[in-house]
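Trainee: I would like to learn how to read a few features of a model. Could we work through them in turn?

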Amino acid sequence: MYLFRAANCTYYTRICLPKSLKDRGFPFDIKVSLLTKCRTEAVERNLDVARTLRPLVSSVRPDETVAGFKRLVDQTINQIRIGFTSPDKATVHIRIGSKASDVEASKPPPGITLSEALSQFIASKEKESVRPLTVKQLKQRTGHFIISTEATTVSQVTSADALVYRDVLLGEGRSYKTNKEYLAAVSQFFKWCKLMRYTTVNPFTDIPLAKSSCAGTGSARQRWQKHELKRLFQSAEFKAKDAGFKWATLLMLFHGLRPSEACQLRVEDICEQDGMTCIRVSSEGVGQRVKTDSSYRLVPVHAKILSWGFQDYVSELKQAGQTQIFSYIPLGENKDWSRQYCQQLARLQNKIGMKAGQRPTAYSFRHTFVDELKQQEVDENIVAQIVGHKNQKITLGRYGKKYKLSVLKKYLAVINYGPDCTVFF
C-alpha cells in the first residue's frame with residue numbers, strides 16, 4: 001500500500017492484491033482517488049482508506065467474483081468519502097487495474113464448474129477428430145484432478161492447487177512419464193478454459209516435475225532380447241500361426257512400426273518409390289489413423305522381409321481383390337486396430353511359458369527396433385524419420401529436408417537379429 005500523485009496532481013491510494021487473488025483473475029492492484037491535491041490531507045485519508053481496504057482484501061471469499069469485489073469496494077470507499085471535508089464529495093468509482101491489460105483481466109470469467117467445463121472441453125476435442133483413445137485419456141486424467149481438488153469452479157483453481165495436485169501424483173506411485181502426461185492433460189484443459197475466458201490464467205503453466213534419480217531404470221518399455229525372439233520364432237505355436245500374424249510381427253520388428261500401424265496396412269500401402277518397395281504409413285484409408293503428424297512416412301521394406309516373400313504375399317492379395325493386408329479390424333471404444341493381434345500374441349506367449357508382467361509385448365517390437373539402431377550408433381534424425389518420431393533437433397527438424405529413401409534403406413540394413421529369427425511360411 002502506498003500514496004501516489006497522478007498527473008493531474010490528485011492523490012491516490014494504491015493497494016496491490018496478493019498473488020492468490022491474481023491467480024483467480026483479480027487485477028494487479030486497486031487505485032482509489034482521495035479527492036484532494038493537498039498532500040497533508042491526502043496522508044490522513046490514505047490511512048483511513050488503507051485501514052478499511054486491507055481487511056476487505058484479506059477476507060475475499062473463494063467464490064467471490066471480480067465484479068462482486070469491485071462493487072463491494074466501491075460501496076465501502078464511498079462510505080468513507082462521506083467523511084471527507086473536501087467540497088467535492090461526489091461518488092467516484094475506484095479504478096481496479098492500472099493498465100489496459102488489467103482492464104481486460106478485470107472482466108469476471110463465467111463461474112462455470114470444473115465438471116461443466118470438462119464436458120465442453122471433451123466435446124470440443126471430439127469435433128477435432130482427435131483419436132478416441134486420446135479423448136478418453138484427456139477425460140480420465142483431467143477428471144482425476146477435478147476429484148482431487150477442493151475447488152469447484154474453473155476460476156477458483158490457482159497455481160497452489162496445481163502444485164498440490166502434482167504432489168498428489170507423486171504420492172500415488174506412477175512413473176515419471178505417466179505423471180508428466182497427467183499434468184500435460186490438465187494443463188491442456190486449462191489452456192482451453194483460458195481461451196474460452198472461463199479463467200484468465202493457466203495455473204499449470206511451469207509447474208515443475210523433477211525427474212527422480214531412478215526414473216527410467218525400470219519404467220522403460222521392455223525390449224525383446226535375442227533369446228526371447230528365438231524362443232518365439234522357433235516355437236511350434238508361432239510356426240502354426242497364419243501368414244498374416246507372422247508378417248505383422250516381422251513388419252513391426254524390422255521397421256519399428258507401431259502395432260496399429262502394421263495391422264491397419266492396406267495393399268496399396270505397399271508401393272514402389274525410387275525403384276524400391278516401400279511401406280506407406282498414412283490415414284488415407286477407411287478407419288486408418290496415425291498418432292501424430294510425424295507418423296506419416298514412407299519407409300523402404302527391409303531386404304530380409306523381401307527375401308522371405310513379402311512382396312509376393314501382397315501381390316496375391318491384390319490379385320484376389322483384397323483391400324487390407326491383414327484381417328484385423330478396429331475394435332472397441334478406441335477403434336484399436338491392434339487389439340486382436342495383441343491378444344493373439346499374449347495367448348501365444350502364455351503357451352510358450354512367457355509370464356504376463358515379465359515379458360515383452362507387441363509394442364516392444366518397436367522398442368527393440370529403435371534400440372538396435374541406437375546400439376549401431378545410427379543418428380537419431382535417421383531413427384526419427386524411420387519410426388515416425390518428431391525430430392528433436394531444431395536445425396534438421398525445422399530447416400532440413402527429409403532423408404532420401406536410399407539413405408533410410410542403407411541404415412535399415414544394419415537391423416539383423418541373426419539366423420534364429422528366420423521365419424518360414
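Trainee: How many disulfides does the structure hold?

Mentor: A disulfide requires two cysteine sulfur atoms within 2.5 Å. This is a predicted model, and the structure holds 0 disulfides. For Cys278, the nearest cysteine sulfur belongs to Cys271 and is 5.6 Å away. Cys342 is in no disulfide either; the nearest cysteine sulfur, that of Cys263, is 6.9 Å away.

Trainee: Is Cys278 buried or exposed?

Mentor: Buried means under 20% relative accessible area. Cys278 counts as buried because its relative accessibility is 0%. Cys342 has a relative accessible area of 22%, so it is partly exposed.

Trainee: What share of the residues in the chain is buried?

Mentor: Of the 425 residues, 45% are buried. The chain exposes about 22,700 Å², and carbon and sulfur atoms supply 51% of that area.

Trainee: Which secondary structure elements are in the chain, and how many?

Mentor: The chain has 19 helices and 7 strands. Among contacts between residues at least 6 apart in sequence, 65% join residues at least 24 apart.

Trainee: Where does Arg197 lie, and what is its phi?

Mentor: Arg197 is in the loop between α8 (176-195) and α9 (226-233). Its phi is near 65°, a positive value in a residue other than glycine. Arg197 counts as exposed because its relative accessibility is 52%.

Trainee: What is the phi of Asp206?

Mentor: Asp206, which is not a glycine, has a positive phi of about 65°. Asp206 lies in the loop between α8 and α9. With 72% relative accessibility, Asp206 counts as exposed.

Note on methods
Residues are numbered from 1 along each chain as its sequence is written. This is a predicted model: local features need pLDDT of at least 70, side-chain atom pairs count only at pLDDT 80 or more; totals for chains, interfaces and linings use all residues. Side-chain values use heavy atoms; hydrogens and water are left out. Helices (H or I, at least four residues) and strands (E, at least two) are DSSP runs, numbered from the N terminus. Buried means under 20% relative accessible area, exposed over 50%, partly exposed in between (1.4 Å probe, protein chains only). Contact means heavy atoms within 4.5 Å. Accessible areas come from the Shrake-Rupley method with a 1.4 Å probe; for residues, only the protein chains shown count as cover.
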